[in-house]
Amino acid sequence: MPRPLPKTVSPLPDELLSGWLSRLAAANYCNNAELLAHIEIDTTHGTALDFSIDAAAAEKIANAARVAPDVVRSLAFPAMTPREASLTAQMPFQHCLQCSREGLSLRHWRRAWAFDCQVCGTRLVQTLGKTGDEQISGKLIFRARRGAGMLECAARSRGPKQLRRAMRAVTFAMSLKTFRGDPSFAVQNPRSEVRLFCLAAIAAARSQPLAKAAIVSKSIDDYARVALLRAFEKEPRLLAAVDHIAQRRAKSAGPMTAASHN
Ligand SMILES: [Zn+2]
């Protein structure tokens with residue numbers, strides 16, 4: 001068993017294990033890799049411990065930091081439902097500028113639905129976001145925040161229906177932005193323009209279902225049609241209905257409308 005560290009720091013509410021380990025390392029004047037090597041943990045990435053920490057590792061860390069092993073384990077993510085897991089980022093993708101300045105890394109920041117810091121209330125920013133984040137319109141932020149709230153409800157609801165609806169809206173938004181990949185990754189995107197647009201789409205789809213959007217849309221161009229089809233790809237019955245509506249709209253909108261979108 002390695003010797004206890006000269007200094008220890010107490011974990012804060014909702015602090016993530018890897019974040020606390022970083023603070024522990026800093027307090028002992030070493031870096032994260034050196035700290036893990038000292039504790040004899042066989043991983044160079046503290047972030048891997050956030051999702052699965054075995055009893056032996058918890059024991060070693062607890063001993064080195066002079067805290068109870070249960071405290072160490074409580075800093076890692078608890079068991080999650082598959083739905084929750086798909087919306088919880090393995091790597092940091094957003095953070096609170098205020099709290100990270102104090103060396104904090106909180107668990108809720110990893111959730112795709114987290115929008116404002118639960119500790120200080122500051123809006124979370126994407127890790128790859130430019131500091132010129134102010135350029136994002138207030139309207140988009142407002143809608144994205146509402147969408148994030150709906151995503152949380154969907155992720156925590158009993159049935160899969162709500163989340164399926166939310167992800168359909170995200171798929172639609174992704175197609176409009178020609179962004180490829182899994183919709184659950186789009187809402188965890190480290191670039192704010194992708195994430196905010198997709199979250200806002202969840203809120204928009206609530207007030208106006210996508211199939212209806214195809215009907216009311218004054219000028220459904222090929223681009224939007226492809227986006228709609230992609231959004232309904234996994235539901236053949238809805239897909240057929242949407243395609244029918246979209247085609248009819250495209251016809252009645254006329255060639256002028258279609259051309260103006262090129
Ligand atoms: Zn904060």
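This is a predicted model: local features need pLDDT of at least 70, side-chain atom pairs count only at pLDDT 80 or more; totals for chains, interfaces and linings use all residues.
Figure 1. Residues L140, I141, R143, A144, R146, G147, A148, M150 and L151 of α7 meet L196, L199, A200, A201, I202, A203, A204 and R206 of α10. By residue class, this contact of α7 with α10 comprises 13 nonpolar, one polar and three charged residues. The axes of α7 (residues 138–156) and α10 (residues 192–207) come within 7 Å and cross at roughly 70 degrees. Because angles of 65 to 115 degrees count as roughly perpendicular, α7 is described as roughly perpendicular to α10.

**Figure 2. Largest nonpolar core, with 62 residues.** The members that touch the most other members are L151, A166, V170, C198, L199, A201 and I202. At least two residues of this core are supplied by each of α1, α2, α3, α7, α8 (161–176), α9 (183–186), α10 and α12 (222–231). Helix α10 provides the largest share, ten residues. Domain 1 (17–79) and domain 2 (84–207) each contribute at least three residues to this core.

**Figure 3. Surroundings of A201.** With residues up to four places away in sequence left out, A201 touches G147, A169, V170, F172 and A173. A201 is also among the α10 residues that meet α7, and it belongs to the core residues that touch the most other members.

**Figure 4. Helix α1 and its covering elements.** Within α1 (residues 17–27), the buried residues are L17, G19, W20, L21, L24 and A25. Their cover includes α2 (32–39) and α3 (55–65). Following α1 is Y29, which has a positive phi, near 55 degrees.

How values were computed:
Residues are numbered from 1 along each chain as its sequence is written. A residue is buried if 20 or more other C-beta atoms lie within 10 Å of its own, exposed if 12 or fewer, and partly exposed in between; C-beta atoms are placed from the backbone. Helices (H or I, at least four residues) and strands (E, at least two) are DSSP runs, numbered from the N terminus. Two residues are in contact if their C-beta atoms, placed from the backbone, lie within 7 Å. Axes are lines fitted to C-alpha atoms, for helices over the stretch in contact, and angles run from 0 to 180 degrees between N-to-C directions. Angles under 35 degrees count as roughly parallel, over 145 as roughly antiparallel, 65 to 115 as roughly perpendicular and the rest as oblique. Ala, Val, Leu, Ile, Met, Phe, Trp, Tyr, Cys and Pro count as nonpolar, Asp, Glu, Lys and Arg as charged, and the others, Gly among them, as polar. A nonpolar core is a set of buried Ala, Val, Leu, Ile, Met, Phe, Trp, Tyr and Cys residues joined through C-beta atoms within 7 Å. Domain bounds come from an automatic or database domain assignment.
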